[in-house]
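Trainee: Please take one part of this model and go through it closely. I would like to hear about the aromatic rings and the helix contact beside them.

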Amino acid sequence: MTKGKKPLWTCPKCGHRFVTANVWHSCSNYSLDYHFKGKAPSVRQVFDRLLALAHECGPVTVIPQKTRIAIQARVRFAGGVARKNWFDAALWLTQRANHPHLRRVETFGPNSFGLHFRFKEPGDLDDAFVQLVREAYAVGCQEHRK
């Protein structure tokens with residue numbers, strides 16, 4: 001448990017963890033393989049690179065859902081959707097950022113943004129993206145301060 005933070009609530013049906021009890025969720029369990037069936041091998045390699053970057057930051061949980069794959073520290077901070085020839089990755093950050101593979105930015109509030117990227121090869125996840133993953137991990141740990 002993170003110092004000074006309540007333990008996560010675990011759904012008794014699906015086993016997923018959340019910061020508050022009885023939060024609405026899809027309550028399902030899928031395999032990672034489900035997401036990569038019929039996809040180019042590079043799509044799985046991109047996801048594996050994203051996951052390795054998250055693991056370099058600290059402990060994470062991978063949550064394959066029906067329509068996406070989430071990566072969680074204390075809260076979900078990264079993930080994405082496997083497409084036939086690319087991986088649409090997403091990060092939760094407290095500020096906007098620029099990156100050559102950035103496709104869309106959602107604004108959730110004054111200091112809360114969903115950044116969406118499109119990657120075709122694992123090498124596309126460059127040093128600038130590595131820094132963004134580190135920032136997103138801090139958000140996922142609920143430790144990032146603006």
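Mentor: F87 has a relative accessibility of 0% and therefore counts as buried, a word kept here for residues under 20% relative accessible area, with exposed meaning over 50% and partly exposed in between (1.4 Å probe, protein chains only). Before going on, note that this is a predicted model, in which local features need pLDDT of at least 70 and side-chain atom pairs count only at pLDDT 80 or more, while totals for chains, interfaces and linings use all residues. Residues are numbered from 1 along each chain as its sequence is written, and side-chain values use heavy atoms, with hydrogens and water left out.

A pair of aromatic rings is described by the distance of the centres and the angle of the planes. Rings of Phe, Tyr and Trp (its six-membered ring) pair if their centres lie within 6.5 Å; planes under 30 degrees apart are stacked, over 60 edge-to-face, and the rest tilted. The model has 7 aromatic pairs by this rule. Helices (H or I, at least four residues) and strands (E, at least two) are DSSP runs, numbered from the N terminus. F47 is buried as well, because its relative accessible area is 0%.

Another pair, F117 with F129, is edge-to-face: the centres are 5.0 Å apart and the planes make 80°. This pair also links distant parts of the chain, F117 in strand 8 and F129 in helix 3 (residues 127-140), 12 residues apart. Both F117 and F129 are buried. Returning to F47 and F87, these two form one aromatic cluster with F36.

F129 leads on to the helix contact. R49, L50, L53, A54 and C57 in helix 2 meet F129, V130, V133, R134 and Y137 in helix 3, where contact means heavy atoms within 4.5 Å. These residues divide into 8 nonpolar, no polar and 2 charged; Ala, Val, Leu, Ile, Met, Phe, Trp, Tyr, Cys and Pro count as nonpolar, Asp, Glu, Lys and Arg as charged, and the others, Gly among them, as polar. Helix 2 and helix 3 pack at about 55°, with their axes 9 Å apart. Axes are lines fitted to C-alpha atoms, for helices over the stretch in contact, and angles run from 0 to 180 degrees between N-to-C directions.
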